[in-house]
Amino acid sequence: MASAVGFAALVGEAGDRRAVLAVTGDLPAGHVIAPGDLREVRVAADGGVVAASELRTVVGQLAAVPLTRGSLLAPGQVAGEAAYPPEGFSEVAFAVAAGDAPRVERGQRVAVFPGRQAGEDGAVPGGVVGTVSEVAEVGSLTGMRLTLLVESAAAERAAVLSHPRVAVLSSQDGSGDGDER
């Protein structure tokens, strides 16, 4: 009898669905949110997501992070214009040669390391870690342009990386157990 009551309570809670906002397509960080970028879905959620009734307050704001199609919108994922890039962060772009990076997608954490050449003084600059905000294929033989959101302190180091190589960091723990090229 007790398990029947517990099951009835669980089913009752599962029926309590709230109208929240979901992303309709992949959006890069910095994208100005338009009404068509979001849709209403009903889910069983206790918070951590933006209610559908807040659509008007979200439209016109910027995506603070890359947003993925089908994901539920969380409050910290949108911000006013002055918030992107967030304080203490900068965006840097890299031209990555074909074969020097695995397949990467917006929102992934990656490490970028110097490639085949050292600096003028023979020193090899250290790598940088960041979040992919944009990937643009330049050509199958040429490679891609990879834009990362990095800590501002690392931006100068990132700017001098030549022939960059990219490693995708593990999404589970960020320890770097991902694919490297």
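Which residues are exposed on the other side of H3? They are Ala-153 and Glu-156, where exposed denotes over 50% relative accessible area, buried under 20%, and partly exposed in between, with a 1.4 Å probe and protein chains only. The structure is a predicted model, in which local features need pLDDT of at least 70 and side-chain atom pairs count only at pLDDT 80 or more, while totals for chains, interfaces and linings use all residues. Residues are numbered from 1 along each chain as its sequence is written, and side-chain values use heavy atoms, with hydrogens and water left out. Helices (H or I, at least four residues) and strands (E, at least two) are DSSP runs, numbered from the N terminus.

**The five-strand sheet**

- An open sheet has five strands in the order S5-S8-S7-S6-S9, with antiparallel pairing; two strands pair if DSSP finds at least two bridges between them.
- Its edge strands are S5 (89–97) and S9, each of which pairs on one side only.
- From one strand to the next, the twist averages 40°, with axes taken as lines fitted to C-alpha atoms and angles running from 0 to 180 degrees between N-to-C directions.
- S6 (residues 109–113) is joined to S7 (residues 128–139) by four bridges in the antiparallel sense, and Val-112 stands opposite Val-128 in S7.
- S6 also pairs with S9 (residues 165–168), antiparallel and over four bridges; here Val-110 stands opposite Val-168.
- Between S7 and S8 (residues 143–151) there are seven bridges, again antiparallel, and Val-132 stands opposite Leu-148 in S8.

**Nonpolar cores**

- A nonpolar core is a set of buried Ala, Val, Leu, Ile, Met, Phe, Trp, Tyr and Cys residues joined through side-chain atoms within 4.5 Å.
- The largest such core has 19 residues, of which Phe-94, Val-110, Val-112, Leu-148 and Val-166 touch the most other members.
- Two or more residues of this core come from each of S5, S6, S7, S8, helix H3 (152–159) and S9, and S8 gives the most, with four residues.
- A second, separate core comprises twelve residues, including Leu-21, Val-23, Leu-27 and Ile-33.
- Leaving aside neighbours within four places in sequence, Leu-148 has contacts (heavy atoms within 4.5 Å) that include Phe-94, Val-110, Val-112 and Val-132.

**Helix H3**

- Ala-154, Ala-155 and Ala-158 are buried in H3.
- Seen down the helix axis, the buried residues of H3 fall within an arc of 120°, so they line one face of the helix; the arc is that of the directions from the helix axis to the C-beta atoms.
- These buried residues of H3 pack against S5, S7 and S8.

**Two loop residues**

- Val-49 is placed in the loop between S2 (38–43) and H2 (55–58) and is buried, with a relative accessible area of 15%.
- Val-49 and Val-20 are 29 residues apart along the chain, and their C-alpha atoms are separated by 6.8 Å.
- Not counting residues up to four places away in sequence, Val-49 touches Arg-18, Val-20, Leu-72, Leu-73, Ala-74 and Pro-75.
- His-163 lies in the loop between H3 and S9 and counts as partly exposed at 37% relative accessibility.
- Although His-163 is not a glycine, it has a positive phi of about 50°. Most residues other than glycine have a negative phi.
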